Amino acid sequence: ADVQQAGRAPEGRVPATEPTQRKRSSPIRHGALFVGLLVLVLVGIGWFISRSRLTLAPRSFQPVPLTSYPGVELSPTFSPDGRWLLSSGTGVVKLWDAATGRLLRNFPGDKGAFLQDTVLVLARDNRVEYRDIDSGKLINSVVAHKHEVTRLSVATSRPIMATLSIKDRELKIWSASTGAMQKLWTLPRGEANVALSPDGKSLFT
């Protein structure tokens, strides 16, 4: 009875087993996984970019022609809210509906700019005129130079205006809200352009 059968473990003992070796993951499998994840990320980025492009430039976008009468429309400028468009012609500044391209009103003048969404600044001969967009009514008029106002520029975020007269060789900075002159420069011959930055802090000639 004391003799144990061969091959049987004593009661209460677990038969000893050989330790199992951990399976090593194949490097090829890891590489394939990494490549698959990379492809998924690139596909996602491509989809996001394509959607962004569609949003910024919809396929239905079409240019809107300005149709009034035969002629050249110069220096088209959008109003701050994007509703109106202003262009200069031969002694006439024209106001357009930006969405439809329909001519809304003609103003006497050579150049124009938006002071606000409801007020225009027009260069007419040697004067600068302020006019209401809706009614066309003259609000104010300022003598800017001795001779013709050649260029006109208005800052979009500050009530500052710049005028230039080639014949006078003068560049002036004005308060666009009050019509008071703030600065004056004498220009060398040949200066024919002026532009104010949107914040009114920089001036380019």
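Because the model is predicted, local features are reported only at pLDDT of at least 70 and side-chain atom pairs only at pLDDT 80 or more, whereas totals for chains, interfaces and linings use all residues. Residues are numbered from 1 along each chain as its sequence is written, and side-chain values use heavy atoms, with hydrogens and water left out.

The protein chain contains 1 helix and 14 strands; these elements are DSSP runs numbered from the N terminus, with helices (H or I) of at least four residues and strands (E) of at least two. Of its 205 residues, 30% count as buried, where buried denotes under 20% relative accessible area, exposed over 50%, and partly exposed the range in between (1.4 Å probe, protein chains only). The accessible surface comes to about 14,600 Å², and carbon and sulfur atoms contribute 56% of that area; the areas derive from the Shrake-Rupley method with a 1.4 Å probe, and for residues only the protein chains shown count as cover. Among contacts (heavy atoms within 4.5 Å) with a separation of 6 or more, 32% join residues 24 or more positions apart.

An open sheet of 4 strands is arranged in the order S5-S6-S7-S8 with antiparallel pairing; two strands are taken to pair if DSSP finds at least two bridges between them.

The loop between S6 and S7 holds Asp125, a residue that has a positive phi of about 60° although it is not a glycine. Strand S7 (residues 127-132) then pairs with strand S8 (residues 138-143) in the antiparallel sense over 5 bridges, with Val142 in S8 as the bridge partner of Val128. The hairpin of S7 and S8 has 5 residues between the strands, and there Gly136 adopts a positive phi near 80°.

Ser175 belongs to strand S11 (residues 170-175). With a relative accessible area of 9%, Ser175 is buried; leaving aside its neighbours within four places in sequence, Ser175 contacts Tyr130, Pro159, Ala180 and Gln182.

Asp81 is placed in the loop between strand S1 (74-78) and strand S2 (84-88) and is partly exposed, with a relative accessible area of 35%. Asp81 and Gln116 are separated by 35 residues in sequence and by 9.0 Å in space, C-alpha to C-alpha.

Leu42, in helix H1 (residues 27-56), is exposed, with a relative accessible area of 53%.
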